[in-house]
Amino acid sequence: MALRKLAGQTLVYGLSSILGRLLNYLLVPLYTRVFMPEEYGVVTEMYAYVTFLIILFTYGMETAFFRFTQKGNEEKVYGTALTSLFFSSIILSGALVLFSNSIAELLHYPGKGIYITWFAIILAADAITSIPFARLRQQERPLRFAMLKLFNIGSNILLNLFFILLCPYLLKTGNHTWVEQIYDPNMGVGYVFISNLIASLLTMLFLLPEIRSVKFSFDKILWKQMMIYSLPLLVAGFAGMINETLDRILLKYLLPDSVNALAELGIYGAAYKLSIFMTLFIQTFRYAVEPFYFSQADKKDSRETYAKVMGLFTMAGAFIFLGVMVFIDIVKYFIGPAYFSGLDVVPILLLANLFLGIFFNLSIWYKLENKTRYGAWLAIFGAIITIVLNILLIPSMGYMGAAWTTLACYTSMMLLSWYLGQKHYPIPYPTGRMIFYVFFALALVMLRNLIVDNLQPALSINILIGIGLCLLFALPAWKMESPKKIVP
């Protein structure tokens, strides 16, 4: 019954997350057709910095909230976490605004300090709302959670369409003075950031019932306990973001052709988006499985449950990898033709993200054992690999070096986490089946490439080949992971 409940919540979280992210993903075809690669490179770089800063703004408090609500007194834990994030966000965002022009100069965007100010407000709003969103998950209210997430994404999409498509169209087709008052054609990619800003503020407004549901309270002793638990997660989060996004920051500085560096960054960033199907799956899974894992911790068969979930996760992830790659001739049109030169990184990044998802599942052992320092050390280990290999490979291999570095990092972290987990908190993972799923999917992709490269079939035949290969994977996988075996 526990796995059925997890499946049901994953479905709700998944539909909202997948639908929302896919809708948001539709902005990528827009961006890659409206903006030149060097312009889209600005978007890629700015959001790479944001992923680092949101870790600083939230400092692991979301996971600490889940952990400490297990001990009772949910209201006190919620109030303390929310109060802490509220005041820290005000201080951090205020510092960014104060030094916005200097930061913009440092990033080689002179005169664009307003970008930093916008992102400071976005980060503050997103950090403050992270705890109300976590509480919705903890209270098992996935519908409310899903509606608000979809609202955030939907409003961001509509604002992008308004500023990037509708306003330029109205200016060209008639005398619309009201458009001239709110729209500046020279703003360019700035409207991507403005849309995000408005959407984040609107979402915080709609979360006011959750924010005001308890009095702002602050338990100093509880806060210290939560910080001791969460600070290693902050370190792990920073190191994790190094692993995930440092390549998009370093590319501009390490590529030998500095003139075209932003264009190369834009191409890599767009190609990276084609791994969205894997990241969507992982994110959706995380929303449901993290509170689920904690809720199962005290049950007798918890470790067997974790093992079953891992087998299912690996099977689904390998199938997604296979599906994207056998239909890559269709999937590639999600980005503009000017970005097709980056398609070679897609299989590498898909596999890397699959291993990241497995690593996330493996990480449950140190969270349950209150040994979050191991998460920090694992992430730091990966960060060292990321920094060293990016510095070594990007100058000679360009963004392909960045992709291979990502795969090397997540593979190493996954293997080391498995080793440590089996030593400190043994879980009977179906390791043989997991390896089979990954290598079987790889073999089928290689078979597909061999057939297509030699026969060069029409697109319709290519699609049929892809369907056949997916069925060839699904049949034995379904037999090994049949419902009778996985649902207690």
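## Exercises on helices, rings and a surface patch

Ser89 sits in helix H5 (residues 74-98); helices are DSSP runs of H or I with at least four residues, numbered from the N terminus. This is a predicted model, in which local features need pLDDT of at least 70, side-chain atom pairs count only at pLDDT 80 or more, and totals for chains, interfaces and linings use all residues. Residues are numbered from 1 along each chain as its sequence is written, and side-chain values use heavy atoms, with hydrogens and water left out.

**Exercise 1.** Classify Ser89 as buried or exposed, and list its contacts beyond four places in sequence.

*Solution.* 
- Take the cut-offs: buried is under 20% relative accessible area, exposed is over 50%, and partly exposed is in between (1.4 Å probe, protein chains only).
- Ser89 has 0% relative accessibility, so Ser89 is buried.
- Contact means heavy atoms within 4.5 Å.
- Leaving aside neighbours within four places in sequence, Ser89 touches Phe57, Ala124, Ala127 and Ile128.

**Exercise 2.** Work out the geometry of the Phe119 and Phe193 pair, and say which helices the pair ties together.

*Solution.* 
- Rings of Phe, Tyr and Trp (its six-membered ring) pair if their centres lie within 6.5 Å; planes under 30 degrees apart are stacked, over 60 edge-to-face, and the rest tilted.
- The structure holds 30 aromatic pairs.
- In the Phe119 and Phe193 pair, ring centres are 4.9 Å apart and planes meet at 55°, so the pair is tilted.
- Phe119 is in helix H7 (residues 113-138) and Phe193 in helix H10 (residues 190-206), so the pair ties together parts 74 residues apart in sequence.
- Both Phe119 and Phe193 are buried.
- Phe119 and Phe193 also belong to one aromatic cluster with Tyr47, Tyr115 and Trp118.

**Exercise 3.** Find the charges over the rings of Tyr78 and Phe340.

*Solution.* 
- The test: NZ of Lys or CZ of Arg within 6 Å of the ring centre and within 35 degrees of the ring normal.
- Over the face of Tyr78 lies Arg135, 4.3 Å from the ring centre.
- Over the face of Phe340 lies Lys332, 5.2 Å from the ring centre.

Definitions and conventions: Helices (H or I, at least four residues) and strands (E, at least two) are DSSP runs, numbered from the N terminus.
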